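Subject: Structure for your files

Dear colleague,

Here is the structure I said I would pass on. My notes on it follow below.

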Amino acid sequence: MSKKILILGAGLAGLSAGFHIQNKVKIFEKEEQVGGLVRTDIIKGFVFDYDGHLLHFKTKYAKQLINKLLPDQLCAHKRNAWIYSNAVYTKYPFQANTFGLPLQIVKKCILGMLKAATKTKDKDSQNLYDWMLDSFGPGITKYFMYPYNYKFWTIPPQELIPDWTVNFVPQVKLKSVLDGAFTFKTKALGYNSEFYYPSEGGIDLVPKAFAKHSKAIYTGYEAKVIDIEQKTVLFKNGKTEEFTQLICSLPMIELKKLIVNKIPENVKTAFSKLRYISVYNLNLGIDRAKISDKHWIYYSEDKFSFFRVGFPMNFSKNTAPQGKSSLYAEVSYSENKPLDKKGIDKLIHQDLIKAKILRCDDQILVSHVNDIKYAYVVYDHNYRDCLKVLNAFLKANSIFAVGRFGKWKYMSMEDVIIDGKQIAEELDQ
Ligand SMILES: Cc1cc2nc3c(=O)[nH]c(=O)nc-3n(C[C@H](O)[C@H](O)[C@H](O)COP(=O)(O)OP(=O)(O)OC[C@H]3O[C@@H](n4cnc5c(N)ncnc54)[C@H](O)[C@@H]3O)c2cc1C
């Protein structure tokens, strides 16, 4: 058979692979629409993404590509993100902005950082908790890093590894910690200090722009069976496709069910050890102007059900009708910490009042839920070994994993776009 590349999944990773590939290629998507996690609902004039989705660029390539696909449609913003703890707001990131907290806490954060900065590091941190102590010291760990990460991951930081932090948690020098202890006016740090968002519409403009340039996208095609010996994919609608190479962006964990052939025991075990967390995302449209001037706020304390609340109306004024406000609240859950979905909307609402974001008399015009099963992959102590086994097995069977859940890796929209490009280049050779 001559070369026949198939792509499973028309999220950004699959779309980007299809966009960059020179060969003839077909993309198969189970939903009726493209975009995967990058999708938008417009309800009564409120624009809600599938949870908060903002574009950050580390690479010139992705920035130029997106601007070419969406000319003059993106607006740049300087991040205005905060943390609410101990009943005060401090600027994000916490580690470089303790100004405003009770003095005892500020003092402990500074002394802890001093300890971390002067300690000689003779080995890599063994787990996420050690990494926090090694990077920031006991104060910052106690007052933000530990409670926030435990709440977000739903798993004690001692059971996690820090491999994902390099791209997502700003590292700080002692000087930044000292500067940020005495003033709000600090330098913005981290990968998301600036972001881009469409000035009209929602984030789904990005996958839709890719789709416009893609040759053959088949929606309503859910892969049900993958035969790695025959090299075929059977879809739920009864159609079958042959492949020589399969670019796969659907969650890696799902392949255990889809692959029909006998798979080695160590591969089966590796599949069964993959862990993930889910996010329950409640979006609200509120009949009051400007309920907040912030972009988003982190909540590390357990007395609030959500770990983050964001305000789409501050990403673009066109995301809410005039005189109204919008917000998204995010609650994480997992096998380790199941969520009572019956009571959660009411609890979030009460907690938004407790956090002084909503008032008791606020009228809710829209209440809209996205329950995101696969939201973040869990980096636990099995992660590295499992991925090694699974990547080798998939590659040996001409399956090329891409994207956030395809590759089982904490990746941003930009990361998966670049990932799609890289696999295209590899397979085009
Ligand atoms: C809560 C949350 C917030 C985020 N916020 C940001 C942000 O602010 N900025 C940022 O840059 N990134 C953000 N991300 C990350 C970003 O959404 C992802 O990196 C990116 O969208 C992943 O794209 P993907 O194509 O790899 O995966 P997906 O978008 O998951 O695409 C996979 C596709 O495969 C399809 N599929 C699944 N099963 C099958 C099957 N059996 N047959 C055929 N098709 C199938 C799915 O329907 C889907 O379309 C966020 C992610 C989450 C969960």
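This is a predicted model: local features need pLDDT of at least 70, side-chain atom pairs count only at pLDDT 80 or more; totals for chains, interfaces and linings use all residues.

I will start with one residue. Tyr374 is part of strand β18. Tyr374 counts as partly exposed because 19 other C-beta atoms lie within 10 Å, whereas a buried residue needs 20 or more. Leaving out residues up to four places away in sequence, Tyr374 touches Pro251, Tyr276 and Phe405.

The ligand

Strand β18, residues 364-377, is one of the elements that each supply at least two residues of the shell around the ligand. The others are α1 (12-20), β2 (25-29) and α12 (413-428). In total, 35 residues surround the ligand, and the closest are Gly9, Gly11, Gly36, Gly403 and Ser412. By residue type, the shell holds 17 nonpolar, 11 polar and seven charged residues.

The chain as a whole

The chain has 12 helices and 19 strands. Its radius of gyration is 22 Å, close to the 22 Å that the globule rule gives for 429 residues, so the chain is as compact as a globular protein of that length. The C-alpha trace spans about 70 × 55 × 45 Å along its principal axes. Of the 429 residues, 47% are buried. Among contacts with a separation of 6 or more, 72% are between residues 24 or more positions apart.

The domain assignment gives two entries. Domain 1 is made up of 5-37, 204-271 and 381-428, while domain 2 covers 81-191. Taken over C-alpha atoms, the centres of domain 1 and domain 2 are 36 Å apart.

Helix α6

Which residues of helix α6 are buried? In this helix, residues 174-182, they are Val177, Gly180 and Ala181. Seen down the axis of α6, these buried residues fall within an arc of 105°, so they line one face of the helix. The buried residues of α6 pack against α3 (103-118). On the face turned away from the buried side, α6 carries the exposed residues Lys175 and Phe182.

Regards

Definitions and conventions: Residues are numbered from 1 along each chain as its sequence is written. Helices (H or I, at least four residues) and strands (E, at least two) are DSSP runs, numbered from the N terminus. The radius of gyration is taken over C-alpha atoms; the globule rule is 2.2 Å times the number of residues to the power 0.38. A residue is buried if 20 or more other C-beta atoms lie within 10 Å of its own, exposed if 12 or fewer, and partly exposed in between; C-beta atoms are placed from the backbone. Two residues are in contact if their C-beta atoms, placed from the backbone, lie within 7 Å. Domain bounds come from an automatic or database domain assignment. The arc is that of the directions from the helix axis to the C-beta atoms. A residue is near a molecule or strand if its C-beta atom, placed from the backbone, lies within 6 Å of it. Ala, Val, Leu, Ile, Met, Phe, Trp, Tyr, Cys and Pro count as nonpolar, Asp, Glu, Lys and Arg as charged, and the others, Gly among them, as polar.
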